[in-house]
Amino acid sequence: MPISRNKLQGVRVLSGMKQKQQRYEALVHAFHADIYRYAYYLAKDKSIAEDIAQETFLRAWRSLDALKDEKAAKAWLITIVRRENARRFEKKQLDIVEYDEAAIVDETCFADSTVQQNEVHRLLAGLTLEYREPLILQLIFGYSGEEIAAQLNLNKNTVMTRLFRARNQLKDTLVKTPEVRGHQNG
Amino acid sequence: MDELEFRRRIYADPDTLDPEVIKAAEADPDKQAFRDHIRQMNNELKQAAKIPVPEGLAHKLIWQQATDDFNARRKTQRWYTALAASIALVIGVMSTLWLVQRPPSLETQALAHVTHLNQELPENRYSVNIEQVNAKLASFGGRLVSTLGNIQVANFCHLQSVRSLHLILDTEQGPMSVFILPSEKANQAPEQFGNNNFQGTRFDLQRASILVVGDKNADLNPLSERVRKSIRFSA
């Protein structure tokens, strides 16, 4: 069948583009929610988290050919999110003002969650970043200690200690909070 | 496994499948209760961590990629267009320069000069004295040792961007032109040349090339001989 060489190449390029497009869409559907959540817990701001997610997937698209193994996609995306989040601080290093981190948490956007969940969410966001980040990786992505250590470039024991302390803090607060309220009422 | 180690491990990963931890929990109801408690807390944390995602985020991400791709391709196309335009411009400029810089040959320009100067000649008819001619000849390292004839015009002019001295003489055969040029610039010109109205001859005189141009029917030899005799060039 006489098909011109150019036409054949054109078809091949087109199908290559289509394949890349499909790969990208699969990536978006599989990870966009968790990437957004992760970005939220890094930035603690809904709209910044959305910006980070957009920037992350845009960069992922542009260098999608560099991703050889689909199994590595999660770690790859998380690396991009962390870099994008860090870039945010480089960009506006001058206008950063010190806030009490826990106070910034925007609770109004979770109006549809239960009160209990809002409380837990507030506590999670209130942890310092060094405890918050490994815990979120475990809670959202189901990462093991080794995987967190590899992702954050930390020693595994350090990661285990931070996870332990993070949960310990949360447990103390979760248990204490009603007691404190009780005292106030009594 | 002691109590503290057990708690550390459960805290670090409540869902751990480590057989040591599971065995320890099965052996001790208190440990089991602690594990259950922490796992329940962890499930709450997992639920709380799953904050709602903005509606249509996935579509937005796919849409922005499509736009980015479109822009990137348009940018590449723009780049190609700019490149093609640049190449076309360079080719245009080069060929124009090539055409412009291939002026008519030296002898053709000499003939053209003669044609046009002959038209102006009647209006400014006056004789140039030998000193004035010598002053101009000096730039070619030459001088007149005897009279050349009735010189009406002595002007520098450029033939193919070579500076030459153009003398117009009134002879018995009508006006004739003598061009004096540096030999190294003019020795490529043919020895005989002409067009419908004029003819010319070229010969070398020491360091100079001389063109003698006259009417088509004129005899150029008498003037050529006079030039050979009258102009001396310093070595």
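In the predicted model, Ile91(B) is located in helix H4 of chain B, which covers residues 57-100. The relative accessible area of Ile91(B) is 52%, so the residue is classed as exposed, the cut-off for that class being over 50%. Ile91(B) is also part of a nonpolar surface patch, together with Trp79(B), Tyr80(B), Leu83(B) and Ile87(B). The accessible area of these residues together is about 560 Å².

The contact between the two chains involves 40 residues of chain A and 31 residues of chain B. The size of an interface is often given as the accessible area lost when the parts come together. For chain A and chain B, the buried area is about 3500 Å², with carbon and sulfur atoms accounting for 67% of it. Two salt bridges are counted between chain A and chain B. A salt bridge joins the side chains of Glu50(A) and Lys60(B), with an N to O distance of 2.4 Å.

Chain A has a mean pLDDT of 80, and 73% of its residues reach 70 or more. In residues 178-186 of chain A, the pLDDT falls below 50, and this stretch makes one contact in the model beyond near neighbours in sequence. For chain B the average pLDDT is 84, with 94% of the residues scoring at least 70. Within chain B, helix H2 (residues 19-27) has the highest confidence, at a mean of 91, while helix H5 (residues 106-120) has the lowest, at a mean of 76.

How values were computed
Residues are numbered from 1 along each chain as its sequence is written. Chains are lettered from A and ligands numbered from 1 in the order in which they are written. Side-chain values use heavy atoms; hydrogens and water are left out. pLDDT is the predictor's confidence in each residue, from 0 to 100. Contact means heavy atoms within 4.5 Å. Patches are made of residues with over 30% relative accessible area and no salt bridge: like charges are joined within 9 Å, nonpolar side chains (Val, Leu, Ile, Met, Phe, Trp, Tyr) within 5 Å. Accessible areas come from the Shrake-Rupley method with a 1.4 Å probe; for residues, only the protein chains shown count as cover. A salt bridge is a side-chain nitrogen of Lys or Arg within 4 Å of a carboxyl oxygen of Asp or Glu. Helices (H or I, at least four residues) and strands (E, at least two) are DSSP runs, numbered from the N terminus. Buried means under 20% relative accessible area, exposed over 50%, partly exposed in between (1.4 Å probe, protein chains only). Buried area is the accessible area (1.4 Å probe) that two parts lose on being put together, summed over both.
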